[in-house]
Amino acid sequence: MQLTEHFTLDEFTRSTIASRLKIDNSVPDDLIPNVKLTATKLELVRKVLGKPIIITSGYRCPLLNARVGGVSTSAHTKGLAVDFHCDYGNPKQICQRLIDAGVQFDKLIQEHNQWVHIGFSPSNNRQIVLTAVKQGGKTVYVNGLV
Ligand SMILES: [Zn+2]
């Protein structure tokens, strides 16, 4: 299913871990509007960065989310977040560009300088910016871009 000009539903649901574990990661009907909203917001992200967005993790059903160690309240389980990379630059450069361009988001996370997490809210985008770093073998989130 084509969601927007550049994004398909398949890009939001494909997961090598889900395939390997035979987890059905299809988006429930009631969450389709959320995924469409996310795709619409990602069109703007794509436009700002001027390059295709490669989604590495989009929707995660609760089982898949638990298997990848996501927190149970993760926006991924609501279809409201994606992890991605983009040829524009490294994750920090991408985050900085999105902030400078005034892109609306609920949460933007530079994840270990390996990928970017961006989440949206249908009603209240909080513009939270975090950086995930390892401290003592555990992932911690610090405010802002580090
Ligand atoms: Zn994420």
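How many bridges join E3 to E4, and which way do the two run? I looked: five bridges, antiparallel. Within that pair, Glu-111 stands opposite Trp-115 in E4.

Ground rules for myself. This is a predicted model, so I note that local features need pLDDT of at least 70 and side-chain atom pairs count only at pLDDT 80 or more, while totals for chains, interfaces and linings use all residues. Residues are numbered from 1 along each chain as its sequence is written, and side-chain values use heavy atoms, with hydrogens and water left out. Helices (H or I, at least four residues) and strands (E, at least two) are DSSP runs, numbered from the N terminus.

**Sheet.** I traced an open sheet of six strands in the order E1-E2-E4-E3-E5-E6, with mixed pairing; two strands pair if DSSP finds at least two bridges between them. E1 and E6 are the edge strands, each pairing on one side only. From one strand to the next the twist averages 30 degrees.

**Helices on the sheet.** I checked H3 next: it packs on the sheet and touches E1, E2 (81–86) and E4, and its direction makes about 20 degrees with that of E2. H5 also packs on the sheet, touching E2, E3, E4 and E5, at about 160 degrees to the direction of E3. Contact here means heavy atoms within 4.5 Å.

**H3 against H5.** The axes of H3 (residues 32–49) and H5 (residues 91–100) come within 10 Å and cross at roughly 105 degrees. Axes are lines fitted to C-alpha atoms, for helices over the stretch in contact, and angles run from 0 to 180 degrees between N-to-C directions. H3 and H5 are therefore roughly perpendicular (65 to 115 degrees counts as that). I found Val-45, Val-48 and Leu-49 of H3 meeting Ile-94, Arg-97 and Leu-98 of H5. That contact divides into five nonpolar residues, no polar and one charged.

**E5–E6 hairpin.** E5 (residues 128–135) and E6 pair antiparallel over six bridges. I picked out Thr-131, whose bridge partner in E6 is Val-142. Two residues lie between the strands, and Gly-136 takes a positive phi near 60 degrees.

**Lining of the largest pocket.** Which elements each supply at least two residues of this lining? I listed H1 (9–13), H2 (16–20), E1 (53–57), E3 (107–111), E4 (115–119) and E6 (138–143). The lining divides into 14 nonpolar, 16 polar and nine charged residues. Here Ala, Val, Leu, Ile, Met, Phe, Trp, Tyr, Cys and Pro count as nonpolar, Asp, Glu, Lys and Arg as charged, and the others, Gly among them, as polar.

Methods: Angles under 35 degrees count as roughly parallel, over 145 as roughly antiparallel, 65 to 115 as roughly perpendicular and the rest as oblique.
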